[in-house]
Amino acid sequence: MSRLITPRLTAFHGMIRRSGYRGKLRGSALACHLISTRRQSPLCTRSSGNDRLQSNLRLVVASALLFWACMPTSARSAAEPERIQGQITTPSGFSWKYAYDIRLTEKRVVISVAINPVPAGVSKVELDRVVPIWKVGIERYWSRRYQLVPTAETRLPIEVEANFRAPVYHHDVIVRPGKGHSDELNWHLQNSPELAAHEFGHMLGLFDEYEGGAQDPVQPVLDKTSIMTRSPTGGATQPRHYRRILGWFEEKAGLSEVKIEPMKPE
Ligand SMILES: [Zn+2]
């Protein structure tokens, strides 16, 4: 086993053990279950030191070997960021691109969006002043508001990062002076953090939730308490806004019916 693989394997193994995925995953689920049972067997604690050592050694080797068989291929690669992107076009004539990176770590799901602010008649000083305000606002609305609950004992917070400095960007946003009509890729210097958080929702692939906006043509939502409403000040993110992320996680983990629940304010 290479040095590179071992830490990742250990981390993933820990994740699987703590979350209780093991018995539910495809592949050698039965063998995994046996390892799990053996670990907790009271017989192990009554055996002699030597027996115990050999037994533990066998378990470590066996569990390492079986680890990859227990993981769906898709979940093995989930620690690496995966780029999700696409285009949404509605019959009412709206069209926009969504794009973000998503990765699963041992303790959380991380969504990362790299936004390139392109000044148009705006000085660097002005841009440098407003970008941190937007970043804080976006992350305040989107990050650690909800968590995935794959098993009764496991909570995976959904963390969201808005990165305005990155080697590669998902979105170029034109920033103009003053106020004015804004959309996903056209912002103004006086846009509030809430409006930035609203446009960020479109970058994640979300529809508007107000009459006359870019509504979901199949299941339109009208919700004045949502960050996706027309005047989002005071609005909030809702569990439905993380549905695509939930689906990604279920596919990677080989699970279904994973719950999503609000996080307590920190
Ligand atoms: Zn909108």
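Q: Why is T90 called partly exposed in this predicted model?
A: T90 has 17 other C-beta atoms within 10 Å. A residue is buried at 20 or more and exposed at 12 or fewer. The count for T90 falls in between, so T90 is partly exposed.

Q: Where is T90, and what is it in contact with beyond its neighbours within four places in sequence?
A: T90 sits in the loop between strand 1 (82-89) and strand 2. With those neighbours set aside, its contacts are A214 and P217. The C-alpha atoms of T90 and V218 are 9.7 Å apart, although 128 residues separate the two along the chain.

Q: What makes D208 buried or exposed?
A: Within 10 Å of D208 there are 22 other C-beta atoms. The cut-off for buried is 20 or more, so D208 is buried. D208 belongs to the loop between helix 7 (193-203) and helix 8.

Q: How do you know which residues D208 is in contact with?
A: Contact here asks for C-beta atoms within 7 Å. Apart from neighbours within four places in sequence, G213, A214, Q215 and M228 are in contact with D208. As for S226, it is 18 residues from D208 in sequence, and their C-alpha atoms are 9.4 Å apart.

Q: Why is helix 7 called mostly covered?
A: Nine of the 11 residues in helix 7 are buried. They are L195, A196, A197, H198, E199, F200, G201, H202 and M203. The cover over them includes strand 2, strand 3, helix 6, strand 5, strand 6 and strand 7 (186-188). Just after the helix comes G205, with a positive phi of about 95 degrees.

Q: What makes the crossing of helix 6 and helix 7, and which residues meet there?
A: The two axes come within 8 Å and cross at roughly 65 degrees. The crossing is right-handed. From helix 6, the residues I133, W134, V136, G137, I138, Y141 and W142 take part, and they meet P193, E194, A196, A197 and F200 of helix 7.

Q: How do you know that the buried residues of helix 8 line one face?
A: The buried residues of helix 8 (residues 243-253) are I245, F249, K252 and A253. Looking down the helix axis, these residues fall within an arc of 85 degrees, so they line one face of the helix. After helix 8 comes G254, which has a positive phi near 70 degrees.

Q: What is set apart about the phi of R144 and the phi of E257?
A: Both are positive values in residues other than glycine, near 55 degrees for R144 and near 60 degrees for E257. Most residues other than glycine have a negative phi.

Q: Where do R144 and E257 lie, and why is each called exposed or partly exposed?
A: R144 is in the loop between helix 6 (124-142) and strand 4 (146-149). It has 16 C-beta neighbours inside 10 Å, so it counts as partly exposed. E257 is in the loop between helix 8 and strand 8 (259-262). Its 6 C-beta neighbours inside 10 Å come under the limit of 12 or fewer, so E257 counts as exposed.

Q: Which residues of the largest nonpolar core touch the most other members?
A: The core holds 38 residues, and V109, I138, I158 and F200 are the ones that touch the most other members. Strand 2 (95-104), strand 3 (109-119), helix 6, strand 4, strand 5 (156-163), strand 6 (171-176), helix 7 and helix 8 each give two or more residues to this core. Leaving out residues up to four places away in sequence, I158 touches V109, I111, Y146, Q147, L148, Y242 and I245. In soluble globular proteins, nonpolar side chains tend to be buried together.

Q: How many helices and strands are there, and what percentage of the chain is buried?
A: The chain has eight helices and eight strands. Of its 266 residues, 27% are buried. Among contacts between residues at least 6 apart in sequence, 62% join residues at least 24 apart.

Q: What is the pLDDT of the chain, and where does it stay under 50?
A: The mean pLDDT is 80, and 71% of residues reach 70 or more. Over residues 1-14 the pLDDT stays under 50, and the model has nine contacts beyond four places in sequence for them. Residues 52-71 are below 50 too, and this stretch has 30 contacts in the model beyond near neighbours in sequence.

Notes:
Residues are numbered from 1 along each chain as its sequence is written. The arc is that of the directions from the helix axis to the C-beta atoms. Two residues are in contact if their C-beta atoms, placed from the backbone, lie within 7 Å. pLDDT is the predictor's confidence in each residue, from 0 to 100. A nonpolar core is a set of buried Ala, Val, Leu, Ile, Met, Phe, Trp, Tyr and Cys residues joined through C-beta atoms within 7 Å. Axes are lines fitted to C-alpha atoms, for helices over the stretch in contact, and angles run from 0 to 180 degrees between N-to-C directions. A crossing is left-handed if the near helix is turned anticlockwise from the far one by less than a right angle, and right-handed if clockwise.
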